[in-house]
Amino acid sequence: GWDKFSHPYSKKEFGKWELVLPPKPDNSPAVDHNTRLKVVVHTKEGERLYRNSPWAKYVTREEKSIIYDWVLWDPPQPYVVRLNFLNG
């Protein structure tokens with residue numbers, strides 16, 4: 001149900017672009033944890049390219065596929081790493 005054109009990027013310095021998505025009405029994140037994402041790029045030639053972000057923190061792929069999907073990793077309850085050392 002995402003409208004690809006509802007939130008355009010704004011151009012920043014040094015070739016960077018920014019997209020700001022406001023939170024949902026209940027103040028939860030605009031994009032849910034474990035959602036597959038793509039960056040949409042419009043070229044000068046009029047092509048529309050769908051790409052993974054080069055800064056994606058988590059990517060996955062289906063078994064036997066060469067195509068990776070960018071997946072938003074933002075669990076509502078972040079993991080806590082606990083290290084247990086055995087004396088012995």
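A salt bridge is a side-chain nitrogen of Lys or Arg within 4 Å of a carboxyl oxygen of Asp or Glu. In this predicted model, local features need pLDDT of at least 70 and side-chain atom pairs count only at pLDDT 80 or more, while totals for chains, interfaces and linings use all residues. Residues are numbered from 1 along each chain as its sequence is written, and side-chain values use heavy atoms, with hydrogens and water left out. A search of the whole structure finds four salt bridges, and among them are the pairs described below.

- The side chains of Asp69 and Arg36 meet in a salt bridge, with N and O 3.6 Å apart.
- This pair links distant parts of the chain, since Asp69 belongs to strand β7 and Arg36 to strand β3, 33 residues apart; strands (E, at least two residues) are DSSP runs, numbered from the N terminus.
- Arg36 also forms a salt bridge with Glu62, where the N to O distance is 3.7 Å.
- Because Arg36 lies in strand β3 (residues 36-37) and Glu62 in the loop between β6 and β7 (69-71), the second pair ties together parts that are 26 residues apart in sequence.
- Asp69 is buried, with a relative accessible area of 19%, whereas Arg36 counts as partly exposed at 47%; buried means under 20% relative accessible area, exposed over 50%, and partly exposed in between (1.4 Å probe, protein chains only).

**The pair of Lys12 and Glu18**

- Side chains of opposite charge can pair when their charged atoms come close.
- Lys12 and Glu18 meet through their side chains in a salt bridge, at 3.2 Å from N to O.
- Lys12 counts as partly exposed, with a relative accessibility of 39%, and Glu18 is likewise partly exposed, at 36%.

**The surroundings of Ser53**

- Ser53 lies in the loop between β5 (48-51) and β6 (59-60), and this residue is buried, having a relative accessible area of 14%.
- A polar atom of the Ser53 side chain lies 3.0 Å from the backbone nitrogen of Trp55.
- If neighbours within four places in sequence are left aside, Ser53 is in contact with Val39 and Trp70, where contact means heavy atoms within 4.5 Å.

Terms used: Helices (H or I, at least four residues) and strands (E, at least two) are DSSP runs, numbered from the N terminus. A polar contact is a pair of N or O atoms within 3.5 Å; within protein, one must be able to donate a hydrogen and the other to accept it, and residues adjacent in sequence count only if both atoms are side-chain atoms.
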